[in-house]
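This report describes the fold, the surface and the charge pairs of one protein. The sequence and the structure are shown first, and the description follows.

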Amino acid sequence: MSNMQQNFNAGQTKGNAQAKTEEWIESAQNTANVARDKASNAAQSTHDSAQQGADQSAGFLQQTGEKMANMAQGAVDGVKNTLRMGDQTSHK
């Protein structure tokens, strides 16, 4: 094989290797992009779920607070009625 043929073959091999390397780099970048997108979607989903849970908890706590306030008012009214404090103000 002549020196010129060897140089040609070496150049062709180098070109093929560069093309293959570029394919691998592009494939790795695509894989990284897909992984990033999936991670971003998972993070958004987690955030949305946490927000929904917080909203539900807040609603539950508000309802519980209202029930407690109503129960306390009922107890106060019960004590007033037992001591007839409610009747004294209406008879005057």
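## Fold and overall form

In this predicted model, helix α1 is followed by Arg-84, a residue whose phi is positive, near 60°. Helix α1 itself covers residues 3-82, which amounts to 80 residues. From its first C-alpha to its last, α1 reaches 117 Å, close to the 118 Å expected at 1.5 Å a residue. The secondary structure of the protein consists of two helices and zero strands. For 92 residues the globule rule gives 12 Å, whereas the radius of gyration of the protein is 39 Å, well over that value, so the protein is more spread out than a compact globule. Taken along the principal axes, the box filled by the C-alpha atoms is roughly 125 × 15 × 10 Å.

The separation of two residues gives a further view of this form. Lys-20 and Gly-53 are 33 residues apart in sequence, and their C-alpha atoms are 49 Å apart in space.

## Surface and charge

Of the 92 residues of the protein, 0% count as buried. The protein exposes about 8100 Å², and carbon and sulfur atoms supply 56% of this area. There are 8 positive and 9 negative charges, and the mean positions of the two sets are 8 Å apart.

## Salt bridges

Side chains of opposite charge can pair when their charged atoms come close.

| Positive residue | Negative residue | Closest N and O atoms |
| Lys-20 | Glu-23 | 3.7 Å |
| Arg-36 | Asp-37 | 3.4 Å |

Both members of the pair Lys-20 and Glu-23 lie in helix α1, three residues apart, about one turn of the helix.

In the pair Arg-36 and Asp-37, the closest N and O atoms are 3.4 Å apart. Arg-36 has a relative accessible area of 51% and counts as exposed, because the cut-off for that class is over 50%. Asp-37, at a relative accessible area of 38%, is partly exposed.

Technical notes:
Residues are numbered from 1 along each chain as its sequence is written. This is a predicted model: local features need pLDDT of at least 70, side-chain atom pairs count only at pLDDT 80 or more; totals for chains, interfaces and linings use all residues. Side-chain values use heavy atoms; hydrogens and water are left out. Helices (H or I, at least four residues) and strands (E, at least two) are DSSP runs, numbered from the N terminus. The expected span of a helix is 1.5 Å times one less than its number of residues. The radius of gyration is taken over C-alpha atoms; the globule rule is 2.2 Å times the number of residues to the power 0.38. Buried means under 20% relative accessible area, exposed over 50%, partly exposed in between (1.4 Å probe, protein chains only). Accessible areas come from the Shrake-Rupley method with a 1.4 Å probe; for residues, only the protein chains shown count as cover. Lys and Arg count as positive and Asp and Glu as negative; His and the chain ends are not counted. The place of a charge is taken as NZ of Lys, CZ of Arg, CG of Asp or CD of Glu. A salt bridge is a side-chain nitrogen of Lys or Arg within 4 Å of a carboxyl oxygen of Asp or Glu.
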